[in-house]
There are 2 protein chains.
Amino acid sequence: MADVGAPVTMSDVARVAGVSTATVSRVVNGRYGVSASTIAQVRSAIEQLGYESSLVATSLRRSRTNVLGLVAHSFQSYTAEVLKGVMQALSRSGFDLIIYANSDLYGTYAEGWEQRHLTRLSGTLTDGCIVVTPWDEVRSGTPVVVIDPVRGSTVPSVTADNLAGATSVVEHLLGLGHRRIGFIAGRSSLESAWSREEGYRKALAAAGVPFDPALIGRGDFNPESATPLAHALLAGADRPTAIFAASDGMALKVLEVAKGRGLSVPGDLSVVGFDNIPESALAEPGLTTVDQSMYRLGYEAAHLLKSLVTGEWEGHRRIEIPTRLVVRGSTAPPKSTPGL
Amino acid sequence: MADVGAPVTMSDVARVAGVSTATVSRVVNGRYGVSASTIAQVRSAIEQLGYESSLVATSLRRSRTNVLGLVAHSFQSYTAEVLKGVMQALSRSGFDLIIYANSDLYGTYAEGWEQRHLTRLSGTLTDGCIVVTPWDEVRSGTPVVVIDPVRGSTVPSVTADNLAGATSVVEHLLGLGHRRIGFIAGRSSLESAWSREEGYRKALAAAGVPFDPALIGRGDFNPESATPLAHALLAGADRPTAIFAASDGMALKVLEVAKGRGLSVPGDLSVVGFDNIPESALAEPGLTTVDQSMYRLGYEAAHLLKSLVTGEWEGHRRIEIPTRLVVRGSTAPPKSTPGL
DNA sequence: AACGTGATCGAAAACGTTTGCAATGGAGAG
DNA sequence: CTCTCCATTGCAAACGTTTTCGATCACGTT
């Protein structure tokens, strides 16, 4: 029954209850110093009018709002998963969550919208923010926690143990007998991309496999960026027997390219991704990948932000969560295992 | 580089630029009546200080904020899908989106939180809201669009063509040769639940199959509610050869129960759901279901809300989107097809 | 020289809330 | 009866912005 009309304000309540707005405010916020009878009157007026305090006005006046913000650059499935974790962490914590999503996906404001949103929110609306989009310079008057930060960032952040995850992938492939393992890197400015590459290199080095620059493709986590790189890797005469892409989105493109070139997976080529997005389980064959619990990423980020906002010092401002190798059908021993 | 410190306000800009806040406001909002040189000064001051207008203060002062709100009761995967559609519709529309999620998932405010959030948002922050949670009484001073409304609601709403969807399911089952078809209903207050049951009844009637009340289980869309109902339906001597659950969540529970009772699907029992959530494709066997594009639901809702907010009358305040039967492995002809 | 005109800009009110401070009143002490 | 004191309550300022209104000024017209 959407009845239009001016929203009921505190003055309305005050008038009906026959008191001042100051008193109404005190009742609403449970402040000390209001007589029982007045409280009853105000309560009844609130009930009668269906009054609810304006989030905006309260935010403007107060410094603390008990609202946390989240800024994300898009809503992929992983963002939703992060969200679940955040909400779970905030459940019954007294903090509400506001998610700010920009409408100008491809608009003129595309550059720098993260900062715009962050500033607009943290100006007054929120006590702190979680940033899910990769962004280099984070300026904010209130605490910020970044999920998957850029390399070298000093902002409090939560990230997966990308090094260990990538290492486990390469060890898995080496264990199957692969020696020529291609790698498609992610956006190089991101710490996660860098750590995954680092894991790739270190695991190869540890096994005594020489590093071949020709096996590296420089992607940017955007699935489309992987397509030409996969073609390039697979075109050479001495093509790799396995390709490890730094994200599932890119790995799925590799799968596509391989099929397009008449290569069977995992028969002719093993493919591994990173992230364990839902689509990976549905792929044909299922994509071997590294699970980084997005849920947990969100949960830890919210927890960290909460402690930053309330001022409870928790020591670590940088949290790493463990990863887990998920072996599916896209990896198998190479057809010919030369040198074994 | 999160630098703490008081956020920069319009007064700061005014001081630096040597003008009044009124002028700064005019520049920021592109109002007419500011000299080119002044504009340049103000712009430079804004740049220098990194000023961004406070969403809160602006909202408080203005009536229009160009921000739309979305209130959802939880973040299942379908909510994320709805979100994508909403964001796409709002892309480059000049509207931003704020999603308000409550932290008191199981808290004392559990009852009526939707209304609380809606009121807090629509009070001043947003120009209108999309409500994704089923809720009976919607009170709001600003336009509201409800996705999947309650039965009899007069609030502008967007819903799937549940009647046609349910009809297609039953026709599919009838076509396979089923005659005893069980039905597990959804929350009866919802229009979608009612329409799905209506479709079930009408399709049976159209085929001349008598309606048997013993084949109806009264669920509430909550997956757990389906478990005892499935047991009850399958316990009888004259058990159905197929069960149509009004939601995928409930259908998956039926699958579980059937397996638990030693029934093979689709050998001994065909199972159909409604919604086509991602999990349904992953189930073993894949769940036959009705696809209602959540994306489209969100898209249309956002579009409708936009037109309501801007006052462009678009006629229909009630939108139905088409559904599509998705046949997977969970349906097959009954083992014995009596009467055929 | 007086005046109208249009462009530019600042003062101040307003949005709805919170809160420091002061005012009011009644009760108890002297 | 007066004074003090505490509990209760209202007044008004403040949060950061937008917008109305009027002031100022330069310029061209009579």
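1. Some ground rules: residues count from 1 along each chain as its sequence is written, while chains are lettered from A and ligands numbered from 1 in the order in which they are written. Because the model is predicted, local features need pLDDT of at least 70 and side-chain atom pairs count only at pLDDT 80 or more, whereas totals for chains, interfaces and linings use all residues.

2. DNA strand C is surrounded by 28 residues (C-beta atom, placed from the backbone, within 6 Å). The closest are M10(A), A22(A), S25(A), A57(A) and S20(B). Two or more residues each come from α1, α2 and α4 of chain A and from α2 and α4 of chain B, helices being DSSP runs of H or I with at least four residues. The largest share, 5 residues, belongs to α2(A).

3. Around DNA strand D there are 27 residues, the closest being A22(A), M10(B), A22(B), S25(B) and A57(B). Here α2(B) gives the most, with 5 residues.

4. Back to α2(A): which of its residues are buried? T23(A), V24(A) and V27(A) are (20 or more other C-beta atoms, placed from the backbone, within 10 Å of a residue's own). They cover an arc of only 100° around the axis (taken from the directions from the helix axis to the C-beta atoms), which puts them on the same side of α2(A).

5. What covers those buried residues includes α1 (10-17) and α3 (36-49) of chain A. After α2(A) comes G30(A), with a positive phi near 65°.

Key
A residue is buried if 20 or more other C-beta atoms lie within 10 Å of its own, exposed if 12 or fewer, and partly exposed in between; C-beta atoms are placed from the backbone. Two residues are in contact if their C-beta atoms, placed from the backbone, lie within 7 Å.
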